[in-house]
Amino acid sequence: MTELTRNEIVSRWRAGSSIRQIARELRLARNTVSRVPAQLDAQRAGGGSPAPRRPSRLDPYEPVIQELLSRYPDLTAVRLLEELRQRGFTGGSTVVRQRLGALRPHAAPPPVVRFETAPGAHYGKPGVMFSDSEGTGLPCPESVRHFP
């Protein structure tokens, strides 16, 4: 969301428009519109810091998780859950999987290998020309055009 949109929401809200009306006029979701004045109020009341995070069952096991990840960088969530259960963890696998995803650095996707073909050398799409033995351009035959 742009700063211009945020300003528009705040000005309409201060003018007395309802969240529903603002959302309808700006073509935004009501939850999105209602979040902007709430963030503004929280920012002014608390100096701009976000709301404190709820404590998790995994918080006491954070050093164990960090230590296991440093030793085994490819540790799976299932294996981490087994290790934590041996140490007394009673939570479920979802919270372990989410925490592991947040802690583990994500690898960059591999680059896409591109290749270029000469004009007419790649056929299979309608309207593409290909060459015969004499080098003349011939239209792609219908049987080749619809080949899967």
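This is a predicted model: local features need pLDDT of at least 70, side-chain atom pairs count only at pLDDT 80 or more; totals for chains, interfaces and linings use all residues.
Two residues are in contact when heavy atoms of theirs lie within 4.5 Å. By that criterion, and leaving aside residues up to four places away in sequence, Ser56 touches Val95 and Arg99.

Ser56 sits in the loop between α3 and α4, the latter spanning residues 62-71. With a relative accessible area of 18%, Ser56 is buried, because the cut-off for buried is under 20%. A polar atom of the Ser56 side chain also lies 3.1 Å from the backbone nitrogen of Leu58.

Read from the N terminus, the elements follow the order α-α-α-α-α-α-β-β-α. Of the 148 residues in the protein, 19% are buried. The accessible surface comes to about 11500 Å², and carbon and sulfur atoms hold 56% of that surface. Among contacts with a separation of 6 or more, 37% join residues 24 or more positions apart.

One pair of helices can be followed in detail. Two packed helices are described by the angle between their axes and the distance between the axes. Helix α1, residues 3-14, packs against helix α3, residues 30-46, at an angle of about 85 degrees, and their axes are 10 Å apart. The two helices α1 and α3 are therefore roughly perpendicular to each other, since angles of 65 to 115 degrees count as such. On the α1 side the contact is made by Arg6, Ile9, Val10, Trp13 and Arg14, which meet Val33, Val36, Pro37, Leu40, Asp41 and Arg44 of α3. Seven of the residues in this contact are nonpolar and four are charged, with no polar ones.

Notes: Residues are numbered from 1 along each chain as its sequence is written. Side-chain values use heavy atoms; hydrogens and water are left out. Axes are lines fitted to C-alpha atoms, for helices over the stretch in contact, and angles run from 0 to 180 degrees between N-to-C directions. Helices (H or I, at least four residues) and strands (E, at least two) are DSSP runs, numbered from the N terminus. Angles under 35 degrees count as roughly parallel, over 145 as roughly antiparallel, 65 to 115 as roughly perpendicular and the rest as oblique. Ala, Val, Leu, Ile, Met, Phe, Trp, Tyr, Cys and Pro count as nonpolar, Asp, Glu, Lys and Arg as charged, and the others, Gly among them, as polar. Buried means under 20% relative accessible area, exposed over 50%, partly exposed in between (1.4 Å probe, protein chains only). Accessible areas come from the Shrake-Rupley method with a 1.4 Å probe; for residues, only the protein chains shown count as cover. A polar contact is a pair of N or O atoms within 3.5 Å; within protein, one must be able to donate a hydrogen and the other to accept it, and residues adjacent in sequence count only if both atoms are side-chain atoms.
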